[in-house]
Amino acid sequence: WGLGTMRHGKSTKEHILYLDILRIVAMLGVICIHAGVGKYFSWSNALFVMISGALWLSREEIDLRRFWKNNILHIIVAFVFWSAFYMFFHAAIFPKITGNYPTIKEVLVMLLQGRYHLWFCYLIIGIYIGLPFWKKIAESDILLKYFLCVTFFFSFLIPCIQNIPK
């Protein structure tokens, strides 16, 4: 669960039950999104991000070299694998069914961007790259309040104001 290394069958950190319950709730929400009732469960992806933040920001110290090797590199490898898989499917197999062959430019874009549902990989990589900064922000009450105010202003208040009819 990422809460500590295993030694002699025991975790070095205490298991956090409420985070497991939140994971289950978030998983059920994602299932509902994929079942077609997504507008009521869009919060579930944010819940996964918050769980990751709770686990990563509560750690004493982050070894960046190990972190890149064990976390970010694995996500990048998975993203490249699935992007290549979908690119191959759409460039080699799907055209035999439809008769529409993509251009080389379209194939390269498919490979670099990945399929639409791989957006989560970009999000996690971005959050992980910013983790040392998020950790410093979380350690300071003043920085945390400033960050929350700026985030609220740019991600919620401005879009709401823009949607007010003239």
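Biologist: Hi! How many salt bridges does a search of the whole structure find?

Modeller: Two of them turn up. Arginine 23 pairs with aspartate 20 in one, and lysine 136 pairs with glutamate 139 in the other. Keep in mind that the model is predicted.

Biologist: Let's take arginine 23 and aspartate 20. How far apart are the closest N and O atoms?

Modeller: Those atoms sit 2.8 Å from each other. The two side chains also make a polar contact, again at 2.8 Å.

Biologist: And where do arginine 23 and aspartate 20 lie?

Modeller: Both are in helix 1, which covers residues 17-37. They are three residues apart, and that is about one turn of the helix.

Biologist: Are they buried or exposed?

Modeller: Arginine 23 and aspartate 20 are both buried.

Biologist: Why does aspartate 20 count as buried?

Modeller: Its relative accessibility is 13%, and buried means under 20%, so aspartate 20 falls in that class.

Biologist: Got it. What about lysine 136 and glutamate 139, which helix are they in?

Modeller: They belong to helix 6, residues 131-139. Because they are three residues apart there, about one helical turn separates them.

Biologist: New topic! Which residues make the nonpolar surface patch?

Modeller: Tyr146, Val150, Phe152, Phe153, Phe154, Phe156, Leu157, Ile161 and Ile164 make it. The patch covers about 900 Å².

Biologist: Pick phenylalanine 152 for me. Where is its place?

Modeller: You'll find phenylalanine 152 in helix 7, which runs over residues 141-162. Its relative accessible area is 43%, so this residue is partly exposed.

Biologist: One last stop: what helix is tryptophan 43 found in?

Modeller: Look at helix 2, residues 43-57.

Biologist: Why is tryptophan 43 called partly exposed?

Modeller: Because its relative accessible area is 37%. Partly exposed is the class in between buried, under 20%, and exposed, over 50%.

Biologist: How far is tryptophan 43 from valine 30 in space?

Modeller: The C-alpha to C-alpha distance is 9.0 Å, and the two residues are 13 apart in sequence.

Methods: Residues numbered from 1 in each chain as written. Predicted model: local features only at pLDDT ≥ 70, side-chain atom pairs only at ≥ 80, totals over all residues. Heavy atoms only, no water. Patch = residues over 30% accessible without salt bridge, like charges linked within 9 Å, V, L, I, M, F, W, Y side chains within 5 Å. Areas by Shrake-Rupley, 256 points an atom, 1.4 Å probe, with all protein chains shown as cover. Salt bridge = Lys/Arg side-chain N within 4 Å of Asp/Glu carboxyl O. Helix = DSSP H or I, 4+ residues; strand = E, 2+ residues; numbered from the N terminus. Buried < 20%, exposed > 50% of the residue type's maximum accessible area, 1.4 Å probe, protein only. Polar contact = N/O pair within 3.5 Å; in protein donor to acceptor, adjacent residues only side chain to side chain.
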